[in-house]
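Please have the sequence and the coordinates open while reading.

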Amino acid sequence: MMSYEEFTQKEAVLENAPRAEREKFYVDILEKETGKTDVRMMAYFHASLLHYREGDFRAAREILEPFVIDYQSYAYRPEIIACFNLMGVAAYCECAYALARFYIREGLKIAREHKEASRYSYEYNNLAVTYLAQRDYEKALDAIREAEQNLPQSDKKCTPTSTATWPRSAAMWAIWTKPAPR
């Protein structure tokens, strides 16, 4: 059984390895690591992320779905929230906006249960983007206001130039304040 530290070290070594090698690493873990461990959870997440980054959003969701369905059987780690967010973003990329919101809201619920305030702005921002895609500007505006309200509690890495919240917020405001066509 691999420890979480061993997993992160091996993953760092494989960061620039060919995709097939990285995918094999995750598949091997999922086959061998049958317990509900942090390593198994992270293998689900990173295997899914490989497909997401290549634009195969359905495969990303299919890989992560068994974990998301059974996440309560795992010990809590903040990365669980990232798993739900990835499911939501992948669904968004397939234009399944209601499904995207379901996963994003579940991630937000888990973040609140565990007082992970640093995650709130990300989740609200992603909700806003789903509403924006459907031209539900009032709900998008409410969500982006929540995102901005929670931004000070966000991760220290979160700055106006490094987070997607600000550009999306700016785009949201530009659309919101744009005069209606005549």
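## Thr130 and its surroundings

Which residues does Thr130 touch, not counting residues up to four places away in sequence? Thr130 touches Tyr92, Tyr97, Ala100, Arg101 and Ile104, where contact means heavy atoms within 4.5 Å. Thr130 is placed in helix α7, helices being DSSP runs (H or I, at least four residues) numbered from the N terminus. With 1% relative accessibility, Thr130 counts as buried, a term that stands for under 20% relative accessible area (1.4 Å probe, protein chains only). The side chain of Thr130 also reaches the backbone oxygen of Leu127 at 2.7 Å.

## Basis of the values

The model is predicted, so local features need pLDDT of at least 70 and side-chain atom pairs count only at pLDDT 80 or more, whereas totals for chains, interfaces and linings use all residues. Residues are numbered from 1 along each chain as its sequence is written, and side-chain values use heavy atoms, with hydrogens and water left out.

## Aromatic pairs and charges over rings

Ten aromatic pairs are present in the structure; rings of Phe, Tyr and Trp (its six-membered ring) pair if their centres lie within 6.5 Å, and planes under 30 degrees apart count as stacked, over 60 as edge-to-face and the rest as tilted. One of them joins Phe7 and Phe25 in a stacked arrangement, with 5.5 Å centre to centre and 20 degrees between the planes. This pair links distant parts of the chain, since Phe7 belongs to helix α1 (residues 4–14) and Phe25 to helix α2 (residues 19–32), 18 residues apart. Both Phe7 and Phe25 are buried. Elsewhere, ring pairs link Tyr71, Phe84, Phe102 and Tyr103 into a cluster.

Arg77 lies over the face of Tyr4, at 3.8 Å from the ring centre, and the charged end of Arg112 sits over the ring of Tyr120, 4.6 Å from its centre; the criterion is NZ of Lys or CZ of Arg within 6 Å of the ring centre and within 35 degrees of the ring normal.

Just after α3, Gly55 takes a positive phi of about 85 degrees.

Methods
Helices (H or I, at least four residues) and strands (E, at least two) are DSSP runs, numbered from the N terminus. Buried means under 20% relative accessible area, exposed over 50%, partly exposed in between (1.4 Å probe, protein chains only). A polar contact is a pair of N or O atoms within 3.5 Å; within protein, one must be able to donate a hydrogen and the other to accept it, and residues adjacent in sequence count only if both atoms are side-chain atoms.
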